[in-house]
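Here is a short tour of one protein model, meant to be read with the structure open beside you.

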Amino acid sequence: MNTSQLERECLTYTRYLIGRVPSQYVVNRYLDFHQKSDAMSGLGSDNFDHFLVSISARAPFWARMADSYASVFRKGSIVRKKLVVTLALLECVAPSCEVFDNADGRSPLATLASLGWRAARYSFLFGASVVVFTPVRVAMAFSWKPRAEAMLEH
């Protein structure tokens, strides 16, 4: 796989997950994982999976959209697996691990408001992702290309 594509994925996924740029160590481990592991080899994936990965790597907004869509319709997708790998790397390395280790000292009302905001944002993005990604998924499903030929292109 293209190293610059993988670096862009790592950068975008990190900005989506924690709102920060990843350290060079995280980027190197992300690249290393993809070189040494066959977990992302694409077995069982289709063109739509590859589409979700490519669009999710463009910006944190698109990563959030792809994640919200895949969280319901494509739970075993490559984009979800890549997000889990990124999250695991970020949890294990300073300074990004501090994002996960720090507990907010918010009041119950502030916590409830924050959860409500996040639920509303997820609902809006999920609805938007259905509108954007479902036609693409349907078009790819009815594509005239045979699946074996389409997989060879990637």
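The secondary structure of this predicted model comes to 8 helices and 0 strands. Read from the N terminus, the order of elements is therefore α-α-α-α-α-α-α-α. The protein has 154 residues, and 36% of them count as buried. Its accessible surface comes to about 9400 Å², with 60% of that belonging to carbon and sulfur atoms. If you take the contacts between residues at least 6 apart in sequence, 75% join residues at least 24 apart.

Asn 2 sits in the segment before α1. With 48% relative accessibility, Asn 2 counts as partly exposed, because it falls between the cut-offs of 20% and 50%. Asn 2 and Leu 31 are 29 residues apart in sequence, and their C-alpha atoms are 9.9 Å apart in space.

Next comes helix α1, which spans residues 3–18 and includes Thr 14. Is Thr 14 buried or exposed? Its relative accessibility is 0%, so Thr 14 counts as buried. Leaving aside residues up to four places away in sequence, Thr 14 touches Gly 19, Arg 20, Val 21, Pro 22, Thr 86 and Leu 90.

Two of those partners, Thr 86 and Leu 90, also belong to the α5 side of a helix pair. The axes of α1 and α5 come within 10 Å and cross at roughly 70 degrees, and the two helices are therefore roughly perpendicular to each other. On the α1 side, the contact is made by Leu 6, Glu 9, Tyr 13, Thr 14, Tyr 16, Leu 17 and Ile 18. Facing them from α5 are Val 79, Lys 82, Leu 83, Thr 86, Leu 87 and Leu 90. Sorted by class, this contact has 9 nonpolar, 2 polar and 2 charged residues.

Now turn to α3, residues 47–56. How many of its 10 residues are buried? The count is 8, so α3 is largely enclosed by the rest of the structure. The buried residues are Asn 47, Phe 48, Asp 49, His 50, Leu 52, Val 53, Ile 55 and Ser 56. The N-terminal end of α3 is capped by Asp 46, which places a side-chain oxygen 3.2 Å from the backbone nitrogen of Phe 48.

Helix α4 (residues 60–73) pairs with α3: their axes come within 7 Å and cross at roughly 150 degrees. That angle is over 145 degrees, so α3 is roughly antiparallel to α4. From α3, Phe 48, Leu 52, Ile 55 and Ser 56 meet Trp 62, Ala 63, Ala 66 and Tyr 69 in α4. By class, the contact of α3 with α4 has 7 nonpolar, 1 polar and no charged residues.

| Helix pair | Axes come within | Crossing angle |
|---|---|---|
| α1 and α5 | 10 Å | roughly 70 degrees |
| α3 and α4 | 7 Å | roughly 150 degrees |

One last stop is the loop between α5 (78–92) and α6 (97–101), where Pro 95 has its place. Which form does the peptide bond from Ala 94 to Pro 95 take? This bond is cis, with omega near 0 degrees. As background, most peptide bonds are trans.

Definitions and conventions. Residues are numbered from 1 along each chain as its sequence is written. This is a predicted model: local features need pLDDT of at least 70, side-chain atom pairs count only at pLDDT 80 or more; totals for chains, interfaces and linings use all residues. Side-chain values use heavy atoms; hydrogens and water are left out. Helices (H or I, at least four residues) and strands (E, at least two) are DSSP runs, numbered from the N terminus. Buried means under 20% relative accessible area, exposed over 50%, partly exposed in between (1.4 Å probe, protein chains only). Contact means heavy atoms within 4.5 Å. A polar contact is a pair of N or O atoms within 3.5 Å; within protein, one must be able to donate a hydrogen and the other to accept it, and residues adjacent in sequence count only if both atoms are side-chain atoms. Axes are lines fitted to C-alpha atoms, for helices over the stretch in contact, and angles run from 0 to 180 degrees between N-to-C directions. Angles under 35 degrees count as roughly parallel, over 145 as roughly antiparallel, 65 to 115 as roughly perpendicular and the rest as oblique. Ala, Val, Leu, Ile, Met, Phe, Trp, Tyr, Cys and Pro count as nonpolar, Asp, Glu, Lys and Arg as charged, and the others, Gly among them, as polar. Accessible areas come from the Shrake-Rupley method with a 1.4 Å probe; for residues, only the protein chains shown count as cover.
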